[in-house]
Amino acid sequence: MGYGITADAGGFKLGLFAANASSGLAITTIDERWSGSWEDNLALARLADRAGIDFLLPVGRWIGWPGTTFHDSVLETITWAGGLLAATERISVFATVHSALLHPVVAAKQLATLDRIGGGRAGLNIVAGWYEAEYAAFGLDLPGSPAQRYAHAQEWWDIVRTLWSSEQPFDHNGEFFPGLRGLHGSPRPAAGPLPVINAAVSPAGREFAARNADFLLTATFDPNRGSGLVAEARQASTAHRGRPVGVLSNAFVVCRPTRREAEEFLAYYADTHADWAGVDTVMAGQGINPQSFGPEQIAAFRPRFAAGHGGHPLVGTPDEIVATIARFAGAGVTGLALSFVDYLGELEYFAAEVLPRLEKAGLRGRGASIGSAPN
């Protein structure tokens, strides 16, 4: 069954981010980049499960990025999660759901079924939407402001939660979902409402996370600056819900026996063989452009996007990586969602060398996991 821990439970959490997508989060042209295939995902999930990695977090993508091989093949996240939950024993597996693209009545039953498959180990990453081309692929218009998108997501989530909790059939007649009649959800999740992750940057997104999420996923960029963000997020969520939200950040990993080896590989895939046209396309798609940021900021963002979609670098020896993770933990960050150039090829070394050092440092134990959390 699910581990039932809350966001403030002990143990720094480590997950794998975006393994369901080709290239993961590295915008590179090298042949060794992650395949994103089902076969490799299955092998990776089983390895992560044995190693003690806490969670798997996918990206939701419906179309690729024009002119780049980045995310040219992405496994759908609910069916992906179901397959991996059936094939693992302890790791938590999240499904990433675009609230604008999946009806809440369908989503509630699919997610409850996931949690039954995993015995309480399923989770939900709610995405309110931001990529205009994906909306267009569905014949939809992207709402003009984050506030509008999150208002839609709030009503969507309210319906899902009520389907999981209401003892009696109910009707719903809202702004975005009018005229729903006779709703009733069964089966329900195995261990209560699924833990929720929300990736948010805008004020509207942060507000949504404070009201609804167990974990806020956000780029802290520098662990030394993370403590203020953590304090703000926890204060807001405590005011809304009476308990603090956990804060997750994302990082890309290049772990090698020597720092020279790590830096050489980073330069190889994220400089010499970076897909720079793809980097610029992805950054522009996320609103990082000369109209919003200065030339120095753009120049600083580009290498991180090539290396790991803007995540924080965990580059160096196992001891150096543990030291950086300790700085995140010291800032109050709950955990990290990690990406690798080749998840399957690199995780075994990371698990063998970094995880024991983290345990020795008292930062986490073998059993730390994200499981179903009370809402």
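Start with the salt bridges: a search of the whole structure turns up 13 of them, counting a side-chain nitrogen of Lys or Arg within 4 Å of a carboxyl oxygen of Asp or Glu. Before you click around, note that this is a predicted model, where local features need pLDDT of at least 70, side-chain atom pairs count only at pLDDT 80 or more, and totals for chains, interfaces and linings use all residues. Residues are numbered from 1 along each chain as its sequence is written, and side-chain values use heavy atoms, with hydrogens and water left out.

Select Glu-134 and Arg-61, whose side chains form a salt bridge (2.8 Å, N to O). Glu-134 sits in helix 4 (residues 132–137) and Arg-61 in the loop between strand 2 (55–57) and helix 2 (77–87), so the pair ties together parts 73 residues apart in sequence. Helices (H or I, at least four residues) and strands (E, at least two) are DSSP runs, numbered from the N terminus. Both Glu-134 and Arg-61 are buried; buried means under 20% relative accessible area, exposed over 50%, partly exposed in between (1.4 Å probe, protein chains only).

Next, pick Glu-167 and Arg-188, a salt bridge with its closest N and O atoms 3.4 Å apart. Glu-167 is exposed at 60% relative accessibility, while Arg-188 is partly exposed at 22%.

Now go to helix 6. Arg-211 and Glu-207 both lie there, 4 residues apart, about one turn of the helix, and they form a salt bridge at 3.0 Å between the closest N and O atoms.

Last stop, Gly-205, also in helix 6 (residues 203–212). Gly-205 is buried, at 0% relative accessible area.
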